[in-house]
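Please look over the model below before reading on.

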Amino acid sequence: MLSLFKKKNASHNTETATLSIDGMHCTSCSMNIDGELEDTPGVVSASTNYARATTKVVFDPQTVTPKKLMQVVEKLGYTATQN
């Protein structure tokens, strides 16, 4: 969904996870990661920075965990670790 449309039913109790991403080759990689994360239930927003090789994810901890976020990224073929 990317950041164009914010999810409206997000809980007020959100957390932010910063993930280090290894294996991105271009800015399209970062857009793919953002799109997949933002389609994950419980994720409010995702912002991946190709140059810094990081992703910041705002999420509802009652719906999704940082471990699940890393699994979503890894499903796309990248390596993710939590900072």
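Lys75 counts as exposed, at 61% relative accessibility. In this report, buried means under 20% relative accessible area, exposed means over 50%, and partly exposed lies in between (1.4 Å probe, protein chains only). This is a predicted model: local features need pLDDT of at least 70 and side-chain atom pairs count only at pLDDT 80 or more, while totals for chains, interfaces and linings use all residues. Residues are numbered from 1 along each chain as its sequence is written, and side-chain values use heavy atoms, with hydrogens and water left out.

**The salt bridge**

Lys75 has a charged partner, Glu36. The two form a salt bridge, and their closest N and O atoms lie 3.1 Å apart. The term covers a side-chain nitrogen of Lys or Arg within 4 Å of a carboxyl oxygen of Asp or Glu. The structure holds 1 such bridge. It links distant parts of the chain: Lys75 sits in helix α2 (residues 66-75), Glu36 in helix α1 (residues 27-38), and 39 residues separate them.

A disulfide needs a pair of cysteine sulfur atoms within 2.5 Å. The whole structure has 0 of them. Cys26 is in no disulfide; its nearest cysteine sulfur belongs to Cys29, 3.9 Å away. Cys29 is likewise in no disulfide, with the sulfur of Cys26 as its nearest.

| Residue | Relative accessible area | Class |
|---|---|---|
| Cys26 | 32% | partly exposed |
| Cys29 | 8% | buried |

**The sheet**

The protein chain has 2 helices and 4 strands. Both are DSSP runs numbered from the N terminus: helices are H or I with at least four residues, strands are E with at least two. Along the sequence they follow the pattern β-α-β-β-α-β.

What is the strand order in the sheet? The 4 strands form an open sheet in the order β2-β3-β1-β4, with antiparallel pairing. β2 (43-49) and β4 each have a single partner strand, so one side of each is left without a neighbour in the sheet. From one strand to the next, the twist averages 25°.

Two strands pair if DSSP finds at least two bridges between them. Strand β1 (residues 15-22) pairs with strand β3 (residues 54-59) over 6 bridges, antiparallel. In this pairing Ala17 stands opposite Val57, and Leu19 stands opposite Thr55. β1 also runs antiparallel to strand β4 (residues 79-82), joined by 4 bridges. Here Ile21 stands opposite Ala80. Strands of a sheet pair through backbone hydrogen bonds.

**Helices on the sheet**

α1 lies across β1, β2 and β3, and runs at about 170° to β2. α2 packs on the sheet too, touching β1, β2, β3 and β4; its direction makes about 160° with that of β4. Axes are lines fitted to C-alpha atoms, for helices over the stretch in contact, and angles run from 0 to 180 degrees between N-to-C directions.

**The whole chain**

Of the 83 residues, 36% count as buried. Contact means heavy atoms within 4.5 Å. Among contacts with a separation of 6 or more, residues 24 or more positions apart account for 64%. The accessible surface comes to about 5,100 Å², and 50% of it belongs to carbon and sulfur atoms. Areas come from the Shrake-Rupley method with a 1.4 Å probe; for residues, only the protein chains shown count as cover.
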